[in-house]
Amino acid sequence: MSSGGSSDASGSNGRGGGDGESGANEFDFAAPATDQSFENALAKARDCARLTVDDATELLATGTDREGIDPVRKEAVLEVADRRRAEEVGDEVTFVANLNNNVTTACNTGCLFCNFKDTAHAFEADSDVEHAGFTKPPAESRAVVEDALDMGVYEVCSVSGLHPAFALNEEHHEVLAAHDDPASEANYKPPEAYATDPGTYVEQMAAMSVGGVHLHSMTPEEAYHAKRGTDWAYESVYRELADAGLDSAPGTAAEILVDEVRDVICPGKIRTDDWVAAMEGAAAAGLDVTSTMMYGHVETVAHRAQHLEVIRDLQDRTGAITEFVPLSFIHRNTPLYRRGVVDSGPSRAEDELVVAVARLFLDNVDHVQASWVKSGDAHGLKLLNCGADDFMGTILSEEITSRAGGEYGEYRSFDDYVEMITAIGRTPVERSTDYRTRRRIDPDDGPHGPRLGPRADGTPMLPDGPSGGESGADATGTPPADADD
Ligand SMILES: C[S@@+](CC[C@H](N)C(=O)[O-])C[C@H]1O[C@@H](n2cnc3c(N)ncnc32)[C@H](O)[C@@H]1O
Ligand SMILES: Nc1c(NC[C@H](O)[C@H](O)[C@H](O)CO)[nH]c(=O)[nH]c1=O
Ligand SMILES: N[C@@H](Cc1ccc(O)cc1)C(=O)O
Ligand code: SF4
């Protein structure tokens, strides 16, 4: 990174510089100097004063006055953030009984950090291109959610590729088909062109919203896709989706909310203003939203600080953000890495500082998530001592991180959660998606299972299954061939 260089901080910025086809990282410069000093910024954080972008830059860089992450200064930032976490939300660590059900991997947007997608052309009925992707028709989505409800799950998180045959509803299909050249003008091809029809977004929402489950879906990028080629407002699109069963929207597709970074890593995606407009539309439609930042690729610490300001401003206006989720960039199988634009993801020190500074800067967002998917168990637990208070969910199935080269599995049981959280001296708490319903878990009262789901009675989710473990398990809980449990 721009402040990288110490062994603790092999660094996200200032890495790369390879000779790949898309060229070297253009943000390959030292941490930009600010008008603030590290010590002042830390003092403001201690005093609970609202931090500026310059303050956040200083804290993320452990001072722009020196190269690399300073381990002593880093510990000071983490300590202030951990204390703030304890004051604001106490010692509880929450998690949710959820399932990822991603509908399709077909996508032509071409984000250079993403290995989740498969080029949509390969999905066409007359294509003989081999691919490992999938499209689930609405009935299949419903069956997956039904099975999960039986296990006690109460949240389904669904994020998908921008399949060219996806439309909001039948009217949207007609508008898209009326273009002179729908494929090039509106990224649209009719469902008949594909081996599997994904149905409409409304049909997918209705299919997944079954049995009282909370449906968390439709990122700003997906909402844009659901209104492309029209002048519909985000609010009306989200209202229609909510009428079909959508309960809240994931704030992914945020990446880094600074357009000069988006121009490099996701030129095909909506710009920052549009992302914010989509989130405001979701909030105006009465939905809760989450917020994310995918960091540790080409951006500088100053970009991270600017991103945090976009989120804080959005929350000041809407109050709709339930949590902030730092998404540590998984580099291994991605075009950014393969083309030599970056040579790693962020260091652990950077992960810790991002969590800590998010806790300190986002004074209006209650919850900061640590991700075992991105970081594994040990480092995920460490992040819970740097300002985070939520440890994600059971998820049962993971495709984004695993396809990018992540190696921490796809499932954590309630027993895993209780063991890990009590091991760091904190209180395990089962939560609803919106955090409003919470159940403290007595560690001595095992075995543990979800109780907040419509069909949950405390039975462990996969009674005979493996723990997710660092070695991983697949969506059905089947251990990998070399697992020993
Ligand atoms: C894969 S997309 C799916 C939803 C939709 N296509 C979109 O872009 O909003 C969801 C999010 O996954 C995250 N993601 C993708 N690839 C990643 C990677 N290699 N490392 C970390 N996060 C990644 C990005 O933040 C992205 O916005
Ligand atoms: N951080 C990751 C998540 N987080 C999503 C949450 O588990 C949950 O859906 C949200 O908190 C709303 O309650 N999900 C992933 O699949 N991968 C992550 O890295
Ligand atoms: N699915 C996203 C993470 C995510 C999903 C939903 C959220 O609300 C927040 C984060 C990923 O793995 O990268
Ligand atoms: S991040 Fe989303 S929009 Fe971008 S390529 Fe991946 S699936 Fe498509």
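1. Which polar side-chain atom lies 3.1 Å from an oxygen atom of ligand 3? In this predicted model, the atom belongs to Lys374. With the protein in place, 85% of the 340 Å² that ligand 3 exposes when taken alone is buried.

2. An N or O atom in the side chain of His216 is 2.5 Å from an oxygen atom of the ligand, and an N or O atom in the side chain of Thr290 is 2.6 Å from an oxygen atom of ligand 3.

3. The surroundings of ligand 3 consist of Cys157, His216, Pro250, Thr252, Thr290, Thr292, Val325, Leu327, Lys374, Glu398 and Ile400, a shell that divides into five nonpolar, four polar and two charged residues. Ligand 3 sits in the largest cavity, and the elements that contribute two or more residues to its shell are strand S6 (288-295) and strand S7 (321-328).

4. Turning to ligand 1, the shell holds 20 residues, of which Phe113, Ser160, Thr219, Ala253 and Glu255 come nearest. By class, the residues around ligand 1 are eleven nonpolar, five polar and four charged, and the space that ligand 1 takes is again described as the largest cavity.

5. Oxygen atoms of ligand 1 are approached by both side-chain and backbone atoms. A polar side-chain atom of Thr219 lies 2.7 Å from an oxygen atom of ligand 1, a backbone N or O atom of Ala253 lies 2.8 Å from an oxygen atom of this ligand, and a polar side-chain atom of Lys269 lies 2.9 Å from an oxygen atom of ligand 1. Of the 550 Å² of accessible area that ligand 1 has on its own, the protein covers 96%.

6. Around ligand 4 one finds Cys107, Thr109, Gly110, Cys111, Phe113, Cys114, Phe116, Lys117, Leu162 and Lys269, which divide into six nonpolar, two polar and two charged residues.

7. On the annotation, an unreviewed UniProt entry assigns "domain: Radical SAM core" to residues 93-366. In the model this span is 39% helix and 12% strand, and its end C-alpha atoms lie 13 Å apart. I would cite the domain name as coming from that unreviewed record.

8. Met218, which is found in the loop between strand S4 (214-217) and helix H8 (220-225), has a phi near 70°, a positive value in a residue other than glycine. The peptide bond from Gly446 to Pro447 is cis, with omega near -5°, and Pro447 has its place in the segment after strand S11 (438-440).

Notes. Residues are numbered from 1 along each chain as its sequence is written. Chains are lettered from A and ligands numbered from 1 in the order in which they are written. This is a predicted model: local features need pLDDT of at least 70, side-chain atom pairs count only at pLDDT 80 or more; totals for chains, interfaces and linings use all residues. Side-chain values use heavy atoms; hydrogens and water are left out. A residue is near a molecule or strand if one of its heavy atoms lies within 4 Å of it. A polar contact is a pair of N or O atoms within 3.5 Å; within protein, one must be able to donate a hydrogen and the other to accept it, and residues adjacent in sequence count only if both atoms are side-chain atoms. Accessible areas come from the Shrake-Rupley method with a 1.4 Å probe; for residues, only the protein chains shown count as cover. On a 1 Å grid over the protein atoms alone, a cavity is a set of points where a 1.4 Å probe fits but cannot get out, and a pocket is an open set with protein on both sides within 12 Å along at least five of seven lines; lining residues have an atom within 4 Å of a point. A molecule sits in a cavity or pocket if more than half of its atoms lie within 2 Å of its grid points. Helices (H or I, at least four residues) and strands (E, at least two) are DSSP runs, numbered from the N terminus. Ala, Val, Leu, Ile, Met, Phe, Trp, Tyr, Cys and Pro count as nonpolar, Asp, Glu, Lys and Arg as charged, and the others, Gly among them, as polar. UniProt positions are given in the numbering used here, feature names are shortened, and annotations may be inferred rather than shown by experiment.
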